[in-house]
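Here's a quick briefing on how this fold is put together. Have the structure open while you read.

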Amino acid sequence: MNDEHWMSEAVHEARKAAKLGEVPVGAVVVHGTDEALSRAHNRKETDKDPLGHAEILALREAARRIGDWRLSECTLFVTLEPCAMCAGALVQSRIRRLVFATEDPKAGFCGSLGNLVQDARLNHRLEVCRGEMREESRQLLKSFFAALRHNT
């Protein structure tokens with residue numbers, strides 16, 4: 001299976017988040033190229049949890065499923081560039097590769113505001129690919145925030 005397939009799974013998760021009134025971000029952790037270990041979407045508001053980002057939830061479940069915190073044979077597909085917290089979690093989990101759909105100029109820490117996941121001073125760096133299904137992910141976010149502004 002290819003990056004587009006897995007990113008479409010992440011977009012599906014993002015849509016679930018939007019239906020809950022959450023910022024529409026979805027994530028999928030894939031072992032190798034063909035086994036989804038976990039899928040998650042933002043649950044910060046639903047769970048009243050500051051760590052309820054899709055990436056964190058997906059990483060936790062993937063580690064639980066394989067029985068190890070090291071996810072070195074895995075790729076994370078996520079619809080929005082991870083923030084500093086999530087970027088740090090990616091480094092700590094030893095994820096091999098990150099694929100994100102759209103940049104986050106206000107909070108992204110995988111190239112926008114900084115690049116924690118490829119910082120040479122850290123003990124682990126990962127491959128980063130961006131832009132897969134960018135417009136679809138961007139539109140989900142744009143629509144969500146437009147509706148939020150309209151309702152306030």
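**Strands in the middle**

Strand 3 and strand 4 run parallel, with five bridges joining them. Keep in mind that we're looking at a predicted model.

*Strand pairing*
- Val-29 is bridged to Leu-76 of strand 3.
- How many of the residues of strand 3 are buried? Seven of the seven are, so strand 3 is largely enclosed by the rest of the structure.

*Nonpolar cores*
- The largest nonpolar core counts 31 residues, and the ones with the most contacts inside it are Val-29, Leu-76, Leu-90, Ile-95, Leu-98 and Val-117.
- Two or more residues each come from strand 1 (26-31), strand 2 (35-41), helix 3 (54-66), strand 3, helix 4 (84-93) and strand 4.
- Helix 3 supplies the largest share of this core, with seven residues.
- There's another core apart from it, made of 13 residues, including Ala-10, Val-28, Phe-77 and Leu-140.
- As background, nonpolar side chains in soluble globular proteins tend to be buried together.

*Helix 3*
- Helix 3 has 13 residues and reaches 18 Å from its first C-alpha to its last, close to the 18 Å expected at 1.5 Å a residue.
- Its buried residues are Ala-54, Glu-55, Ile-56, Leu-57, Ala-58, Leu-59, Ala-62 and Ala-63.
- What do the buried residues of helix 3 pack against? They meet strand 1, strand 2, strand 3 and helix 4.
- Just past the end of helix 3 sits Gly-67, with a positive phi of about 75°.

*Helix 5*
- Helix 5 covers residues 134-151, 18 residues in total, and its end-to-end C-alpha reach of 26 Å is close to the 26 Å expected at 1.5 Å a residue.
- Ser-137, Leu-140, Leu-141 and Phe-144 are the buried residues here.
- Viewed down the axis of helix 5, these buried residues fall within an arc of 90°, so they line one face of the helix.
- Glu-135, Lys-142, Arg-149 and His-150 are exposed on the other side of helix 5.
- The cover over the buried residues of helix 5 includes helix 1 (3-19), strand 3 (74-80) and strand 4 (97-102).

*The aromatic pair*
- Searching the whole structure turns up one aromatic pair.
- Phe-144 and Phe-145 have ring centres 5.1 Å apart and planes at 80°, so the pair is edge-to-face.
- Phe-144 counts as buried because its relative accessibility is 13%, whereas Phe-145, at 34%, counts as partly exposed.

*Glu-9*
- Glu-9 belongs to helix 1 and is partly exposed, with a relative accessible area of 21%.
- Glu-9 touches Val-28 and Arg-39, not counting residues up to four places away in sequence.
- Between the C-alpha atoms of Glu-9 and Ala-36 there are 9.6 Å, although the two residues are 27 residues apart along the chain.

Terms used. Residues are numbered from 1 along each chain as its sequence is written. This is a predicted model: local features need pLDDT of at least 70, side-chain atom pairs count only at pLDDT 80 or more; totals for chains, interfaces and linings use all residues. Side-chain values use heavy atoms; hydrogens and water are left out. Helices (H or I, at least four residues) and strands (E, at least two) are DSSP runs, numbered from the N terminus. The expected span of a helix is 1.5 Å times one less than its number of residues. Buried means under 20% relative accessible area, exposed over 50%, partly exposed in between (1.4 Å probe, protein chains only). The arc is that of the directions from the helix axis to the C-beta atoms. Contact means heavy atoms within 4.5 Å. A nonpolar core is a set of buried Ala, Val, Leu, Ile, Met, Phe, Trp, Tyr and Cys residues joined through side-chain atoms within 4.5 Å. Rings of Phe, Tyr and Trp (its six-membered ring) pair if their centres lie within 6.5 Å; planes under 30 degrees apart count as stacked, over 60 as edge-to-face and the rest as tilted. Two strands pair if DSSP finds at least two bridges between them.
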